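Hi everyone, thanks for coming. I have one structure to walk you through today, so let's bring it up on the screen.

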Amino acid sequence: MKKSVIFGALTVAGLAAGAAAAGTLDDVKARGKLNCGVTTGLVGFAAPDANGNWEGFDVGVCRAVAAAVLGDPTAVEFVPTTGKTRFTALASGEIDMLARNTTWTFSRDVDLKFEFTGVNYYDGQGFMVPAELGVSSAKELDGATVCIQTGTTTELNLADFFRANNISYEPVPIETNAEAQQQYLAGACDVYTTDASGLAATRATFEDPGAHVLLPEIISKEPLGPLVRHGDNNWGDVVRWTLNALITAEELGVTSANIGEMAGGTNNPEVNRLLGTEGSLGEMLGLSADWAKNAVMAGGNYGELFEKNIGENTPIGLARGLNAQWTDGGLIYSPPFR
Ligand SMILES: N[C@@H](CCC(=O)N[C@@H](CS)C(=O)NCC(=O)O)C(=O)O
């Protein structure tokens, strides 16, 4: 097991070095399509709807980048990836970026040679159990069978948590969230552990969500965000500043509803720079003047994307919490547009 993890990391690193050539922005423009890696399906974050159109909070980041670069939020090839396949897909150049509830860690940045371009969801790892189990704390899980997705930080945190608390567990390794859901509901494991947002999204699809409880412990930090390969800083800037544009738009009150009017010019210079009626920020990125306008129009600003896909009025029902704007006491904060 250990051997295969090390081998996997080396393979990914080797591929990263081979595919580190600059020019992703030109490649995407020439192709006329963004290849965006997403999950195999996690409702609210990335999943195809009944007509096969990908929807969700992470999908929204892909569409915003496509809109910023190509002027078309539909010019995206969504590439489903698992916890295990996602890094090879990015390192090999199969995808231009990954937007798949992926945690920013030291080794993914430094060792696997990726560049996280920001955080679109501050999360932490939680536990879900059937209410009938009568468990009220993760510390009561000694001897439990635990469904756990391979190739994730979840796997490593779980081992740390049980070791630190001197309790044992039996892992039931799974590859996708769909498989986890199936195994958990079939009783193949007592517990499902993953990012708390993923647990909320998964529980929302259950026939009887109330029959399952999320335990109070959050055992890790999981800053989730989009990533690209090391070595192509221009492309990294495009993805980073597209996410920042969505965040800044919310902070400045620019929404999909008023953006048409605001793009005519306002008396707020930062809004004007963001929307390209003043300055030349788009040109500096190698994009058109209205790149950020197109990004926001793709699916709304950061707050709109949050509310529509995963917010309190959706079945997933996530509060903004840490993901509120810094002006509201949260961690969502974009550097200035100047
Ligand atoms: N954030 C963690 C876990 C990410 C993860 O893979 N989560 C699962 C469970 S929420 C998932 O997204 N599954 C979707 C899929 O199977 O495609 C990581 O980066 O390792």
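First, a caution: what you see is a predicted model. The protein chain has 14 helices and 14 strands. Along the principal axes, its C-alpha atoms fill a box of roughly 60 × 45 × 40 Å. How does the radius of gyration fit with a compact globule? For 338 residues we would look for a value near 20 Å, and the protein chain has 20 Å, so the two agree.

Buried residues account for 53% of the 338 in the chain. If you take contacts between residues at least 6 apart in sequence, 72% of them join residues at least 24 apart.

Let's zoom in on helix H9, which covers residues 233–251. From first C-alpha to last, its 19 residues reach 26 Å, close to the 27 Å expected at 1.5 Å a residue.

Which residues of H9 are buried? Trp235, Gly236, Val238 and Val239 are among them. Further along, you can follow a buried run from Thr242 through Leu243, Asn244, Ala245, Leu246, Ile247 and Thr248 to Ala249.

And what comes just after H9? There you'll find Gly253, with a positive phi of about 75°.

That's my tour; I'm happy to take questions.

Key. Residues numbered from 1 in each chain as written. Predicted model: local features only at pLDDT ≥ 70, side-chain atom pairs only at ≥ 80, totals over all residues. Heavy atoms only, no water. Helix = DSSP H or I, 4+ residues; strand = E, 2+ residues; numbered from the N terminus. Expected span 1.5 Å × (residues − 1). Buried < 20%, exposed > 50% of the residue type's maximum accessible area, 1.4 Å probe, protein only. Rg over C-alpha atoms; globule rule 2.2 N^0.38 Å. Contact = heavy atoms within 4.5 Å.
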